Amino acid sequence: MSVNPRPHKESFKRIPIAKPVFSASEEEALLEVLRSGWLVQGPKVNAFEKLFRHFIGAKYALAVTSCTSALHLALAAAGIGPGDEVLVPAFTFIATANVVEYTGARPVFIDIDLETYTIDCTKIRKYLSERPEAQTRPRCIIPVSLFGLCADMEKVNKIASKHGLSVIEDAACGFGARRHGHHAGTEALAGCFSFHPRKAITTGEGGMVVTNDDHLAKTIQALRNHGASKTDFERHLEHGGSLLPEYDKLGYNYRMTDLQGALGVAQMEKAEMILKGRKQAAARYDELLAQVTEIKTPFVPGWNKINVWNRTRNRVMTQLEAMGISLRQGTHAVHTLGYYKKKYALQDHDYPMAYLADRLSLALPLYYGITRQEQRTVVEKLKQCLS
Ligand SMILES: Cc1ncc(COP(=O)(O)O)c(C=O)c1O
């Protein structure tokens with residue numbers, strides 16, 4: 001008699017924690033670089049940076065070897081060093097704290113908000129107002145946008161400006177995450193991304209710093225390349241590479257290879273598709289896990305729910321129209337309409353309440369002479385559609 005029979009091998013297929021999305025385009029991109037002979041920080045890195053900064057909506061995107069090196073460079077360029085304190089969430093990957101140690105500054109851990117898994121702003125305030133006199137002084141906050149959920153950058157920035165601190169966002173896992181229309185990494189002095197294979201898009205190892213600050217970008221550009229005043233790309237274009245640049249800073253070798261740059265370009269072409277697929281899979285987990293009462297699914301900020309509610313509102317309107325009842329949205333959030341949006345560079349979220357009303361309001365039939373019975377029918381049908 002067999003005890004503990006082994007599970008049927010064929011019925012079990014291993015499910016990895018993550019899977020990169022590669023196709024022939026990545027293979028061809030790599031071959032192209034190998035054949036070109038330009039292997040480090042060349043045209044493909046340039047092209048990847050350009051695609052990335054357009055996608056994110058930042059003035060500069062500077063490719064480096066990892067998110068860890070991106071964070072290290074951002075701190076160094078912001079002038080963080082010995083005698084400084086950097087506030088980091090206590091729940092994050094170790095690299096967020098390690099980079100502070102690299103600079104000689106001291107990481108100060110701040111607890112997180114369990115609802116969002118991001119740094120708790122009330123605890124930052126508490127620390128800053130109650131900290132004992134010390135030899136070190138707070139200089140910077142590194143909020144981490146974890147699992148695609150952005151830290152509350154509005155609150156972090158408010159605290160930072162009150163206390164004269166810089167903000168460097170660790171958006172290692174933030175590619176594709178937006179908060180009030182702003183992409184992760186763009187509401188801080190600098191935002192840092194990872195392209196490790198567990199992330200949405202990957203270049204094997206790899207990272208990116210984004211910033212809108214001219215001086216910071218120039219400093220990071222030099223520091224990632226041994227402190228050189230010019231990139232290899234600029235040098236080769238200007239003088240065929242023969243004249244060496246000035247080295248007036250102590251830099252590092254954090255250059256991305258063109259093989260990684262080429263992978264990055266191919267991955268950016270798939271970015272929307274990958275993000276859409278991941279969002280669908282997350283929604284599927286939410287649905288499946290709804291029956292598992294012991295598990296709490298991730299917090300979804302109200303802002304993201306608006307699109308879901310908007311789709312419900314629109315569905316209800318279409319269904320009622322088919323039943324012979326005309327409904328309309330309340331009226332327009334004028335700042336979201338093409339003419340004004342373009343002319344005054346407005347974002348949907350600049351007037352959040354108007355945007356909310358635009359997306360979610362319903363105007364019911366109302367005119368002189370509408371009967372009680374007609375109104376009853378409107379409400380009955382509305383209830384029917386909503387259920
Ligand atoms: C929050 C966070 N910060 C930093 C890093 C480091 O990224 P990299 O492996 O690209 O250096 C990671 C990596 O997973 C991370 O999750």
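The dialogue below reads a predicted model one feature at a time.

Q: Which residues count for local features in this predicted model, and how are residues numbered along each chain?
A: Residues are numbered from 1 along each chain as its sequence is written. Because the model is predicted, local features need pLDDT of at least 70 and side-chain atom pairs count only at pLDDT 80 or more, while totals for chains, interfaces and linings use all residues.

Q: How many helices and strands are there in the chain?
A: Helices (H or I, at least four residues) and strands (E, at least two) are DSSP runs, numbered from the N terminus. On that reading the chain has 13 helices and 11 strands, and its C-alpha trace spans about 85 × 70 × 55 Å along the principal axes.

Q: What is the order of the strands in the open sheet?
A: Two strands pair if DSSP finds at least two bridges between them. Here 7 strands form an open sheet with mixed pairing, in the order β1-β11-β10-β7-β6-β2-β3. Its edge strands, each pairing on one side only, are β1 (60-64) and β3 (106-110), and from one strand to the next the twist averages 30 degrees. Within the sheet, β6 (residues 137-141) and β7 (residues 166-170) pair in the parallel sense over 2 bridges, and Cys140 has Ser166 in β7 as its bridge partner.

Q: Which strands does α3 touch as it packs on the sheet?
A: Two residues are in contact if their C-beta atoms, placed from the backbone, lie within 7 Å; axes are lines fitted to C-alpha atoms, for helices over the stretch in contact, and angles run from 0 to 180 degrees between N-to-C directions. Helix α3 touches β1, β6, β7, β10 (190-194) and β11 (207-211), and its direction makes about 165 degrees with that of β10. Helix α7 (residues 214-223), in turn, lies across β1, β10 and β11 and runs at about 20 degrees to β1.

Q: Which residues come nearest to the ligand?
A: A residue is near a molecule if its C-beta atom, placed from the backbone, lies within 6 Å of it. Of the 14 residues around the ligand, the nearest are Ser66, Cys67, Thr68, Ala172 and Ser194, and the elements giving two or more residues to this shell are α3 (67-77) and α4 (95-103).

Q: Where does helix α9 bend, and which of its residues are buried?
A: The bend at a residue is the angle between axes fitted to the seven residues ending there and the seven starting there, and in α9 (residues 258-289) there is a bend of about 55 degrees at Lys270. A residue is buried if 20 or more other C-beta atoms lie within 10 Å of its own, exposed if 12 or fewer, and partly exposed in between. The buried residues of α9 are Asp258, Gln260, Gly261, Ala262, Leu263, Gly264, Val265, Ala266 and Gln267, and what covers them includes α1 (24-36), α2 (43-56) and β1.
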